[in-house]
Amino acid sequence: MAARPGGGTAPEPDVAAEARELVAGLSAAPWGQVSASPYETGRVVSLAPWLAGHAARVDFLIAAQRVDGVWGPPGGYALVPTLSAVEALLAELRREAPCADRGLLAKVAARGLEAVRSRPVTAAALPDMPAIELIVPSLLSRIGMHLDLGVPELDGVLPGAVGPEPPSGMDGAKLAAVRAWLASGAEVPQKLVHALEVAGEAAAASGVVPTPMRGGMAALGASPAASAAWLAARSGPGDDAGQEAGPEALSADGAPSGPGRYAGQEAAVRRYLEAVAAVSGGPMPCTLPITVFERGWTLSWLRRAGVPVDVPPELVASLRDGLGPDGLATGPGLPADADTTSVALYALALLGEAREPEGLWSFETETHFCTWRGEEGMSLTTNAHVLDAFGAYVRRCGGGPRHAAVVARLAAWLRGNQKGNGSWSDRWHVSPYYATACCAIALREFGGEESADAVAGAVDWVLGTQLPDGSWGRWEGTAEETAYAMQTLLLAGAPRQGRWREAVERGYRSLLDLRAREAPPLWVDKDLYLPVTIVRAAVLGALHMARRALSVR
């Protein structure tokens, strides 16, 4: 048994071997690995009961309910997944032959209803999640419809059940306006397509066209829920039109293979849903595929940490080939975004292929870079990644005055948005440790001497918020957040003895223990999600750097 650099006798992980396995998995499972979402799974249960894996999705919803009756993480983040799960279970109860015991379905749905009703929230207190102002009224309306039509089994468990009240300050006016806009046939913002399930019957009249994919598939907003909603509105619930008899296997790229073929847009969307169900085993993620997103983040974390790993040329090409003046999108049917584009550019720079960030200029505003065109709000981590991309280009290729000006302006903008305690927070991740790592590391690397105080403040905040067991976390200590905290100390902090070394030693020991536990979803989409490979890469990078730092006396 080898001694840990930070103390203890547990065997050391072979970080290089695990990293090689991780990189190999990027090619073996190119659609990416994303955790199942109670919200998205509930929408597919409700809208596509004919889809293979339906029973597994219902079982997932039943098993995922927390002891307090809700689904999802603590606080306001639980509202969307809980409403979706309750509506899906009520829809299942109203079917002639539900795939689970009616009494159990009623009991679980009743607990969810009571949990939401007993925890009223205001619209202002809800988290900043995509389309939440549309999703919540849509789900409340569907729950009310089920209750109005009657659910006898529910009456036996929760007599006189009524639907939850909408959050104070949130009504259905915006949803009604969006549905009217969709029904008019007017052009639909691409980002809205990701949440097309809020449209109801207007999804069929919207004129939205599925995005073609390999293997004769097509998706709406890279979302199973949006795709199921479009298909249900076009074909009718339970319609099997376009399905060819006989099962089909999945090829290495996740696309159905074999002699069978479908025809038409509806059939292509159905093939996408069947492929997602086959990849996921039934329960649905919010977004799939996430190919470029997963590869960019994974390779960036590993290479930035100095983990020795060879990257196959085809992976490098997959990041390079999609770049252009419009930027890159996370998945088919999603708009190009500055976050995915900048991380791909930075990963390429770390891989020896620095490129002019032409795909980012269209996201530039007077003060910062928007995540996508027309974004409401702003993202600090997106701008930290843009700083990485421009900074790496200037460092490796020289750039011009405009590139240097962007680096200086973004560094100042990030410093100006730092909290008084030294941390940052962001809309795309619930943990301030992720946002702080992104901003502090970018400023340490590309922010110049003017950023020294901001970086030092971030390091001090991390040192001051370490938990007694050596971990870090917003709600509890997690491997992911501990990895980000250690990345901040190891990449943005000045290696030294005393408090810094003690924090790294304790964090290293804690990280070795925590990484064997189930990781919670902390990334923000319509529901919180876990990009499995990306998080594993961040953890491996932190372990590698900590072991190297602690071995130097």
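Is Ala-222 buried or exposed, going by its relative accessible area? Ala-222 is buried, with a relative accessible area of 0%; here buried means under 20% relative accessible area, exposed over 50%, and partly exposed in between (1.4 Å probe, protein chains only). This is a predicted model, so to speak: local features need pLDDT of at least 70, side-chain atom pairs count only at pLDDT 80 or more, and totals for chains, interfaces and linings use all residues. Residues are numbered from 1 along each chain as its sequence is written, and side-chain values use heavy atoms, with hydrogens and water left out.**View 1. The whole chain.** The protein chain has 22 helices and six strands; helices (H or I, at least four residues) and strands (E, at least two) are DSSP runs, numbered from the N terminus. With 553 residues, a compact globule would have a radius of gyration near 24 Å, and the protein chain agrees at 24 Å. That radius is taken over C-alpha atoms, and the globule rule is 2.2 Å times the number of residues to the power 0.38. Along its principal axes, the C-alpha trace spans about 70 × 50 × 45 Å. Of the 553 residues, 58% count as buried. Take the contacts between residues at least 6 apart in sequence: 75% of them join residues at least 24 apart, where contact means heavy atoms within 4.5 Å.

**View 1. Helix α12 and what covers it.** Helix α12 covers residues 264–280, 17 residues in total, and reaches 25 Å from its first C-alpha to its last, close to the 24 Å expected at 1.5 Å a residue. The expected span of a helix is 1.5 Å times one less than its number of residues. Buried residues in α12 include Ala-268, Val-269, Tyr-272 and Leu-273. Among the elements covering them are α3 (54–64), β2 (218–219) and α11 (224–235). Glu-266 is also found in α12, but is partly exposed, with a relative accessible area of 23%. Leaving aside neighbours within four places in sequence, Glu-266 is in contact with Trp-230, Leu-231, Arg-234 and Ser-235. Just after α12, Gly-281 takes a positive phi of about 80°.

**View 2. Met-213 and its contacts.** Look for Met-213 in the loop between β1 (211–212) and β2. Met-213 counts as buried, at 16% relative accessibility. Setting aside neighbours within four places in sequence, the contacts of Met-213 are Trp-31, Ala-218, Ala-219, Tyr-272, Pro-289 and Pro-332. One of these, Pro-289, lies in the loop between α12 and α13 (291–304). A cis peptide bond joins Leu-288 to Pro-289, with omega about 0°.

**View 3. Ala-222, back to the opening question.** Ala-222 sits in the loop between β2 and α11. Its phi is near 55°, a positive value in a residue other than glycine. Most residues other than glycine have a negative phi, and most peptide bonds are trans.

View 4. Ala-131 is found in the loop between α5 and α6, and its phi, near 60°, is a positive value in a residue other than glycine. Ala-131 is buried, with a relative accessible area of 17%. Helix α6 itself (residues 132–149) has 18 residues and reaches 26 Å from its first C-alpha to its last, close to the 26 Å expected at 1.5 Å a residue. Its buried residues include Ile-132, Leu-139, Ile-143 and His-146. The buried residues of α6 pack against α2, α4 (79–93), α5 (102–117), α7 (152–157), α8 (173–183) and α9 (190–193). Just after the helix, Gly-150 takes a positive phi of about 95°.

**View 5. Ser-46 in helix α2.** Ser-46 lies in helix α2, which covers residues 38–47. At 8% relative accessibility, Ser-46 counts as buried. Beyond neighbours within four places in sequence, Ser-46 is in contact with Glu-87, Ala-88, Ala-91, Arg-95 and Arg-142.

**View 6. Helix α21.** Helix α21 (residues 499–514) has 16 residues and reaches 22 Å from its first C-alpha to its last, close to the 22 Å expected at 1.5 Å a residue. Buried here are, among others, Trp-500, Val-504, Tyr-508 and Leu-511. What covers the buried residues of α21 includes α19 (452–464), α20 (479–492) and α22 (532–550).
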